[in-house]
Amino acid sequence: MPHYDKSLVWFRRDLRCDDHAALHHALEASRLVFCVFIFDSHILDRLLACGAQADRRVEFIHSSLLSLDAALKKHGGALIVRHANPVAAIPELARELCIDAVFVNHDYEPDAIARDASVAQQLKPGGCAWHSYKDQVIWEKDEILTLSGKPYSIYTPYKNAWLNKFQPAAEYWDLSSLNSWDIRSMPGVFAAPGRISPIPSLKELGFETTDLSGLNMSPGMQGAQTLLDDFLPRMKNYRDRRDFPAIKGPSYLSVHLRFGTISIRELTRRAMQAIASGEGGEGAMSWLSELIWRDFYFMILYHYPHVTQHAFRPEYDRIRWESGPEADNTFLAWCEGRTGYPLIDAAMLQLNQTGYMHNRLRMVTASFLIKHLGIDWRRGERYFALKLNDFDLAANNGGWQWAASSGCDAQPYFRIFNPVRQSEKFDAEGKFIRRYLPQLAQLDARHIHAPWLLSEAERVKAGVIYNKNYPAPIVMHDQARRKTLARYAVVRKTTVHDPSV
């Protein structure tokens with residue numbers, strides 16, 4: 001690595017200063033390090049065009065930047081924040097500060113790859129180097145391949161290869177502590193008063209404050225650490241509790257992983273330590289498996305960028321989905337939680353009201369849209385992308401293609417979740433349903449999963465009145481299942497018995 005006089009670290013989806021690959025390497029190779037974050041005007045403009053002035057993700061990023069800036073200032077540094085097109089802004093800032101090298105962490109999304117290539121190309125004429133590092137995954141790109149040298153498309157053998165590769169090289173991920181880092185300032189140029197403008201407010205960016213604080217969604221590095229500290233004692237129970245939306249089972253760290261306010265290496269180390277000590281039980285291995293799924297989907301997105309528009313398995317693009325005004329109305333009913341299936345509706349209301357949806361419910365609601373309503377999975381994927389606080393293209397696309405049976409290692413096309421059985425199994429007492437559908441609160445635990453099994457008189461007595469405070473089922477499971485098997489016949493011409501799950 002050459003030595004540089006002045007370098008620039010461009011933060012993107014890595015809003016922390018500890019265990020940060022690009023920052024670590026920049027400080028090792030440079031006399032002086034500047035730090036910058038760009039609020040991408042293209043992304044923000046699209047959100048504003050959709051009427052999303054109150055977007056929790058923008059507020060989360062903004063608050064996390066304030067935290068990052070405060071942390072950098074403790075080391076004598078500061079964060080430059082601009083609202084612009086980064087393709088133009090980074091080369092411009094590099095010229096303005098006479099930067100010798102720009103340091104970043106890899107991004108695997110197709111648009112981001114193109115963006116980075118453009119920035120790197122523009123830096124070349126001025127002699128400014130470009131250095132990019134792996135940071136948001138453990139294994140990336142071609143680091144885990146089959147014996148034939150191809151990317152894995154099945155999760156379990158990928159997981160086994162991931163684990164086999166990780167253990168002998170575990171020390172590689174234990175990056176040096178940053179406690180002794182000194183981000184040195186140069187008077188009048190880096191951190192001197194008046195030379196770095198204050199971080200623009202949400203209002204100046206065109207956005208409004210949200211209910212972020214009321215949702216206990218603490219941003220920044222400290223928010224991530226608080227959640228991790230809360231989860232570690234619960235990790236041993238993760239496997240047994242993770243599928244039940246009414247209880248505290250998950251880590252709730254997904255939004256922090258998405259924006260990099262905590263390191264994937266830190267989470268992996270904690271899981272490995274719990275497994276090695278025996279204190280983590282089966283829960284630690286189960287949680288680690290979820291982290292490995294995350295790596296798996298990033299690898300798929302990198303090697304097969306066509307998945308952003310098409311099925312991973314091309315034959316699934318032959319499926320003809322429902323279309324027209326009736327399908328639009330059906331899709332809207334799903335979006336708004338008006339399907340008549342309580343678990344589906346409660347899950348969609350959770351998403352709409354909080355920006356969060358429990359992972360089990362993501363699978364069930366996606367399956368319902370695709371295999372009960374016959375709606376193209378891409379429409380559901382886009383809706384989740386708009387609403388999820390932790391939206392991540394790789395994981396979101398992977399999850400939707402899994403539900404549609406069109407992705408890598410996806411559920412078989414004939415496996416169709418029965419939403420009533422899922423409800424009975426994972427919300428047996430109806431606690432989650434009652435939280436988001438209080439109009440069903442008087443139904444007992446037996447009937448809250450399928451109110452249509454009651455007589456009209458019984459429903460009215462319980463305060464459930466169809467077409468007034470709750471809709472009748474939009475479709476019946478058995479009929480939907482038959483239509484789905486017929487719809488998927490273009491992919492597989494076989495009939496398979498499936499006891500609905």
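**Salt bridges and a buried helix**

E282 counts as exposed, at 52% relative accessibility (exposed is over 50% relative accessible area, buried under 20%, partly exposed in between, with a 1.4 Å probe and protein chains only). This is a predicted model, where local features need pLDDT of at least 70, side-chain atom pairs count only at pLDDT 80 or more, and totals for chains, interfaces and linings use all residues. Residues are numbered from 1 along each chain as its sequence is written, and side-chain values use heavy atoms, with hydrogens and water left out.

E282 forms a salt bridge with R239, with the closest N and O atoms 2.9 Å apart; the term means a side-chain nitrogen of Lys or Arg within 4 Å of a carboxyl oxygen of Asp or Glu. E282 sits in helix α12 and R239 in helix α9, so the pair ties together parts 43 residues apart in sequence. Helices here are DSSP runs of H or I, at least four residues, numbered from the N terminus. R239 is partly exposed, at 45%.

A second pair is R115 with D116, at 3.0 Å between the closest N and O atoms. Is R115 buried or exposed? R115 is buried, with a relative accessible area of 16%, and D116 is buried at 8%. The whole structure has 30 salt bridges.

Now helix α14, residues 342–354. Of its 13 residues, 11 are buried, so the helix is largely enclosed by the rest of the structure. Its buried residues pack against helices including α3, α13 and α15, where contact means heavy atoms within 4.5 Å. Just after α14, G355 takes a positive phi of about 80°.

Terms used: Helix = DSSP H or I, 4+ residues; strand = E, 2+ residues; numbered from the N terminus.
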